[in-house]
Amino acid sequence: MALLSAFVERWQPDTNTFHMPFGEISILLHDVHHILQIPVDGELMGDEASPDTLKSDMGGLVRISVDAQVGGK
């Protein structure tokens, strides 16, 4: 959990990168697939899905409670 918090603190939304002591890095879909073992093929999740549906789906994929992680709810 501490690692995730460290990444959140270093996220720069204006450039969509992480600012690390050694420079900027970005995470690609390929990285997410290999690190979290989340499938990156199949149906697209688009604007039609509500934020609650997206959080629920993502939480099921990574096996965590997304609400507990986002905003401390």
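Three strands form an open sheet in the order S1-S2-S3, with antiparallel pairing, where two strands count as paired if DSSP finds at least two bridges between them. The edge strands are S1 (11-12) and S3, each of which pairs on one side only. This is a predicted model, in which local features need a pLDDT of at least 70 and side-chain atom pairs count only at pLDDT 80 or more, while totals for chains, interfaces and linings use all residues. Residues are numbered from 1 along each chain as its sequence is written, and side-chain values use heavy atoms, with hydrogens and water left out.

**Overall layout**

- The protein chain has 4 helices and 3 strands, these being DSSP runs numbered from the N terminus (helices are H or I, at least four residues; strands are E, at least two).
- Read from the N terminus on, the elements of the protein chain follow the order α-β-β-β-α-α-α.
- Of the 73 residues in the protein chain, 8% are buried, where buried means under 20% relative accessible area, exposed means over 50%, and partly exposed lies in between (1.4 Å probe, protein chains only).
- The accessible surface of the protein chain comes to about 6200 Å², and 59% of it belongs to carbon and sulfur atoms; such areas come from the Shrake-Rupley method with a 1.4 Å probe, and for residues only the protein chains shown count as cover.

**The sheet and helix H1**

- Strand S1 and strand S2 (residues 17-20) pair in the antiparallel sense over 2 bridges, and Trp11 stands opposite Phe18 in S2.
- Helix H1 (residues 2-10) lies across S1, S2 and S3 and runs at about 100 degrees to S2; the axes are lines fitted to C-alpha atoms, for helices over the stretch in contact, and angles run from 0 to 180 degrees between N-to-C directions.

**Asn16 in its loop**

- Asn16 is found in the loop between S1 and S2, and because its relative accessibility is 49%, Asn16 counts as partly exposed.
- The phi of Asn16 is near 55 degrees, a positive value in a residue other than glycine, whereas most residues other than glycine have a negative phi.

**Confidence**

- The protein chain averages a pLDDT of 75, and 73% of the residues score at least 70; pLDDT is the predictor's confidence in each residue, from 0 to 100.
- Confidence is highest in strand S3 (residues 23-25), at a mean of 89, and lowest in helix H4 (residues 66-69), at 51.
- Over residues 69-73 pLDDT stays under 50, and the model has 6 contacts beyond four places in sequence for them, a contact meaning heavy atoms within 4.5 Å.
- Where pLDDT is low, the predicted coordinates should not be read in detail.
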